[in-house]
Structure formats: C-alpha cells, structure tokens
Amino acid sequence: MSLVMALLMALPNCGGDNEITNPDTPNETPSKPDDDDGKNPSESVFIVTPETAMMNADGGSIEFTLLHDVDKSNVGVEIDASACDWIQLADTRSITTVVVFKVLENIFSESRTANITFVDGLNNKKQVVKITQEAAENTGGNPLEGRNCANNEILYITQYGYPIDLTANPGFNGYLISNTYANGIGKLTFNADVTIIPDEAFKNQKSIKYILLPSKLNSVSQSAFEGCSGLIGIVLPKSVASIKNSAFKDCNSIASLAMPDGLQSIGAYAFCSCSSLASLTLPDSLQSIGAYAFSGCSSLASLAMPDGLQSIGAYAFSGCSSLVSLTIPDSVTSLGSSAFSDCMNLTSLALGNGITSISSETLDQCASLTSLSIGSGVKWIGDTAFSDCVKLDNVTIPDNVSSLGSKIFYGSGLTKVVIGKGITDIETDTFEGYTKEITMNFNIPDAETDVWDNTIGFCQGARFDTLIIGDDVTKIGESAFYKCDINHISIGKNVRSIGQYAFKGYISKLTINCSVPASRVIYQKGTTEIREGIFEGYRIRDLVVGDDAFRIGDRAFYNCQNMISVKIGNGVRFIDQFAFYDCARLDEVIIGEKVAEIGELVFYAEDQYGDEVDRRNMAFYCKAMTSPRIWQNSFGSKYNIGGICVPRQAYDGYMKNWSSTDEDNAAEGNWYFYKSIITPYDFE
C-alpha cells in the first residue's frame, strides 16, 4: 500500500478541527501559510479536482483526482460531522491518484449538502469541496412510507443514524432477534409477527424520527411512543383497531397523521401535547375519543369528525389553539366537560342533534368563537359552558333546552342570545357577567315560586345592555328581574301580565312592542320594511335596523336630530331618498351586505343657516360586496365627510363601476364622485 493511500484511509475525520498530523512528524502541527501579502502561491494551488459535485437521490460513488503538484504523502480528508451518516470514504488501497467516496441513498424529501475538506499538512494547502445530493421523490412526508416491511419487522430512522436501544424482550409477542442499521434505515426483527406494540415499548426514545409498523399490527398500547419528542412521521397500518392511553403523548414533532381505516378507539391522552400535529384524518370506523386525547395539539387547524363517532371525552381537544372550525356529527351522544376549552382560534362549532347535554366549561376560553350551533337533542347546559367566549356574537338556545347552569355566559362577549320557550330551570346566577342583548321566549314565573327556587330575581345582579322579551312570552312574574342592571328593555307584543317589581332596578331605556319611539329602536323578527316617513322628526339616538328589514322608505328618519349612529342590517336592499336627511349629528353609519341602492340625499344634512353640516370626523361603512347604485349626493359632499369604507376584497369592483370620468358630473349609479375618500376595509 502506498503511503498516500495509507494516510487517506487512516485520517478521514468527521467534523474534526481541520488539524492534520504528518506521520513523519507526529507531534508537530504544520505552520500556517504566510499570508502577509496575500500572495502565497500555496493557497492558490488546488489539491483535487473537481471542485464541486452533484449526486442524484439514489446515491453512488464519486471520485476526486489528486493533482500532480500536491505532496500526496501528506494529504488527509475531513467530512462534515452532519454528513458522516451518508458520505463514506471508500476503499482506495489499489489506487494512487484517485480518492473515492460512497454517497448513500437520500430517502428524505429535502436535498442535502456537505463539505469535504482536503488538507496537505506538509505544504499547508487546504481545499473545500461541496457535495450536493438531490431530494428523494417521496412526497408523503415519511421516507419509510411505501417501503417493504415484513410482518415480523419494524423499520425506523433515527436522528443521528444509530440504532435505538431496545431490550431483547420488551413485551412484544415475539423475541427480538436483531436490531440493525444500514443505509440510513434501522430494522427491528422479531421471531414472530408483530401484532401489538406493548406498553412503553419505545417510551422516551427521543432519537427516533420515522417509523414504519407491520401490516398485521392490531393495537398500540399505553405509552408505547410517549415522549418520543423527535418522532416526525409514523405509518400506522390499516389493521390497527385501538390506540391506547398516552400512546403518542408528548410526541411534539409529529406534524401529520392519517389514522388507519379500521381504528375504533383513541384512548385518553393518546396524542396529548403533540404540539406540531397540524394534519389529522379520523376514519369512519372511529367510535370513541378519550379524555385529553388531543389536548395541547396546538398546531391542529382543521378536523373532520366521522359520522360513526359516539363519544368525545373531557378535555379531548382542549388547548387546540389553531383549530378553526368543527362540526360534531349527530352520532355523538356524549360530550365531556371542557372538551373544547382554551381553543383560542376556534371560530365555528356546530353540535350535532345526538348530544343531550353541554357539560361545564365546554367552550371556556374560546376567545375567537363567533358561531355556535346547538343541536335539537340538548336538554341542559352546564355551568360556565360559554364563559370567556369574548368574540361570540350570538347564540340561540333552542326550545328543547330545559335547564341552564350557573354563569353560562360569564366573561363572554356575546351581543345577542336567544333563549327558547322550553326553559323550566335557571340558576340564580345564570346570567351573571353577561352584559349584552338577550332574548327570552319563555314565560317567566314569579321569582319566589318553587320552580325557580329563588327568594328574589333569578338573575339578581346581572347586567344587561338589552333585554328583549320575545313575542312567545305572555307573562313576566313578580320580581323576575329584581335589582338587575338593564340598559334597554324591549317587551314583546304578546305580554299580557307583568308582575309586581318585575323590573325593579336600573333601566336606561324601555321599548314596548317596538312601536313606541325611543332613543333606541329594535325591530322584531318578521319586520320586512320601514314604512315611509314613520319616524320623521323622532328623538332616536341609536338605530339598529334588523336583518329581516328589506327597505328603508322615503323620509323614514327625516330630521331625526338626536340620531348619532345607524346600523343597517344585511337584509336591507333599498334605502330610499331623504331617508336620513338632516340627521345632522350622525357620527357613524354601517350599511349591510345586500344593499343595492342608496337614494338621492339620503345622508345629506344642513345646519340652521342652510349650510351643509361638517362631518369630517365621520365614516360610512358599506359592507356590500357588489357596489350599490348611488347618486352623486347620496352621502352629501365629499368635502364634509371623513370617508367611505368598503370591503377590501370588493374595492376594485367599486372603483371599476364608473360610468363617467368627469368627477363634477358623475352619472348616477357610480361612485366616482367619492373616489378620493373611499378606503378598503377588513370587515369581521
């Protein structure tokens, strides 16, 4: 063997300190080249060729030729520590001028690069060669997916390319006969088919990155992979019927998981704190999800519940802070307490008709929830069920609900709650902490009756901004709202009896049947049109036109001098001419999504001297996705209002609707006159 080859074989260094020892002077370190003038010729002379290399994903051999002007007897090589598991120095004993490296197959979906450093220790020459290998074509995220795996085998990949430490008999239904690691893949081989992963079999094996389980596997037992924090991907065969308690708990690197088609049950804590799990597919065969099963899966953004699912345990999805929308199928009959608590980004939840109760704190701390649908099977709602749902806009509690627990809306941001007519039991503090609009459609008995089991008002101390007694109500009992703090009360048209002290407490505004003008007007369900001129000159401060309204007629709110804000519902199609003419104090106008026409001088206003009112601090908000037909003066002069906000995604449509480019003579039906004050806006 030549001296140069002996040195090459002896000195490959993975991640070394770039120090090469000359065999002739083993205790000395070569001096660094003289770089005072930057012209040391040894630094410009290469050791090998080529300078870079590209390999495909299949791998193979790559050769580097030693140049003739290099002292070959002192050449050594260093391989990056991170590449030692896929680049190896081949046997070069029979070659005197070529260095050969073996590049293993890249089974990963990302390309990889590494540096090999050639060092001439005697002449202080150093050359870095970059090797790049293409990514594998596998697109499934797990490089083991699609590999052949015998029924008595388990394949795996570890972080550093070393076998895992597994005892010979860790509880499988067969003995471990070999544990090998070759070409980037580990293999556990047993003397019998693997049908079960036993308790804690791989617990805290943090180096495992990928694993492929055999096709006859039936069950993943308790804590089988708990604490495998480096586990990225796992392939579960279709034969798996159950995943036991804590099976994958704290596997916080798993990002995607498809459950096997035959899976029937997921145990408690099974995937608890799998914080990277973003994609999850549940099979139609699944019947139960245990307590805390997916608690803390903070990356899980969407999930489809199978129609065969029957039960969801307590805290099953608590802390799934990326979950956005969820529908519970009718097959589910049991929903545990706090099942969706602390799902901070959950905006929509629909509860199926099979659920008979909403347990305590089911939606506690769901701060983004804006839509909630309660199924027809629910009979009672537990304590603080909707507490701290600060963005929940409205909830309808259907007629089938008969019982409401303590503080069900505590800390919520609800603007509207409609309670059906089936209620027979309400706690004293049911509405404590609730401050917005509530509609009651049930007959309200005396507070001191046995039905309510209260000595004074069942919502004593509650604060309501608006309380609406619906048209289904015929009786309001004695002391029903005793000492309640209520800003605005609207009493339905069918109330025949109001008991003594029913509203004894603080009331700011009162509306009866919505036919008596007041400082706030709310339209009852069924109203389809505001009749022409009906509120002209009234002292209305705040106006809400409900979504059931279809038209705001000519001069409907003409000269309502006290009016400050107008919110026009999404059902309104037409706002006729002069509808809000001379409402001089208007500060904010919000126009709904379906408005098709805004008539002449609708929002124009003059002061007592006949001059147009200056409202440059005011903004109009128009939610319509299709720009309505307007007149040049529908909003008054563009110089006297602050601006017009339109949906950002519809902004171009407003701007393209011009039928004239003459700003001062813009034709009716377009928005050109107001172009300088139109602003795109993100409506919630």
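User: Leaving aside neighbours within four places in sequence, which residues is Ser279 in contact with?

Analyst: With those neighbours left aside, Ser279 is in contact with Ala255, Ser256, Leu257 and Leu300, where contact means heavy atoms within 4.5 Å. This is a predicted model, in which local features need pLDDT of at least 70 and side-chain atom pairs count only at pLDDT 80 or more, while totals for chains, interfaces and linings use all residues. Residues are numbered from 1 along each chain as its sequence is written, and side-chain values use heavy atoms, with hydrogens and water left out.

User: Where does Ser279 lie, and is Ser279 buried, partly exposed or exposed?

Analyst: Ser279 lies in strand S20 (residues 279-281); helices (H or I, at least four residues) and strands (E, at least two) are DSSP runs, numbered from the N terminus. A residue is buried under 20% relative accessible area, exposed over 50% and partly exposed in between, with a 1.4 Å probe and protein chains only, and because its relative accessibility is 36%, Ser279 counts as partly exposed. The C-alpha atoms of Ser279 and Leu303, which are 24 residues apart along the chain, are separated by 7.8 Å.

User: Is Ser219 buried or exposed, and which residues is Ser219 in contact with, beyond its neighbours within four places in sequence?

Analyst: Ser219, found in strand S15 (residues 219-220), has 6% relative accessibility and therefore counts as buried. Beyond those neighbours, Ser219 is in contact with Thr195, Ile196, Ile197, Ser242 and Lys244.

User: How should I read the open sheet that contains S15, and in what order do the strands come?

Analyst: Strands of a sheet pair through backbone hydrogen bonds, either parallel or antiparallel. Two strands are taken to pair if DSSP finds at least two bridges between them. Here 7 strands form an open sheet with parallel pairing, in the order S13-S15-S17-S19-S21-S22-S24. Strand S13 (196-197) and strand S24 (334-335) each have a single partner strand, so one side of each is left without a neighbour in the sheet. Inside this order, 2 bridges join strand S17 (residues 242-243) to strand S19 (residues 265-266), and Ser242 stands opposite Ser265 in S19.

User: Which strands make up the open sheet of 4 strands?

Analyst: That sheet has the order S26-S28-S30-S32, again with parallel pairing, and its edge strands, S26 (357-358) and S32 (425-426), each pair on one side only. Strand S28 (residues 380-381) pairs with strand S30 (residues 403-404) over 2 bridges, with Ile381 opposite Leu404 in S30. Elsewhere, strand S29 (residues 394-397) and strand S31 (residues 416-419) pair in the parallel sense over 4 bridges, and 4 bridges also join S31 to strand S33 (residues 437-440). Val418 in S31 is the bridge partner of Thr396 and stands opposite Thr439 in S33.
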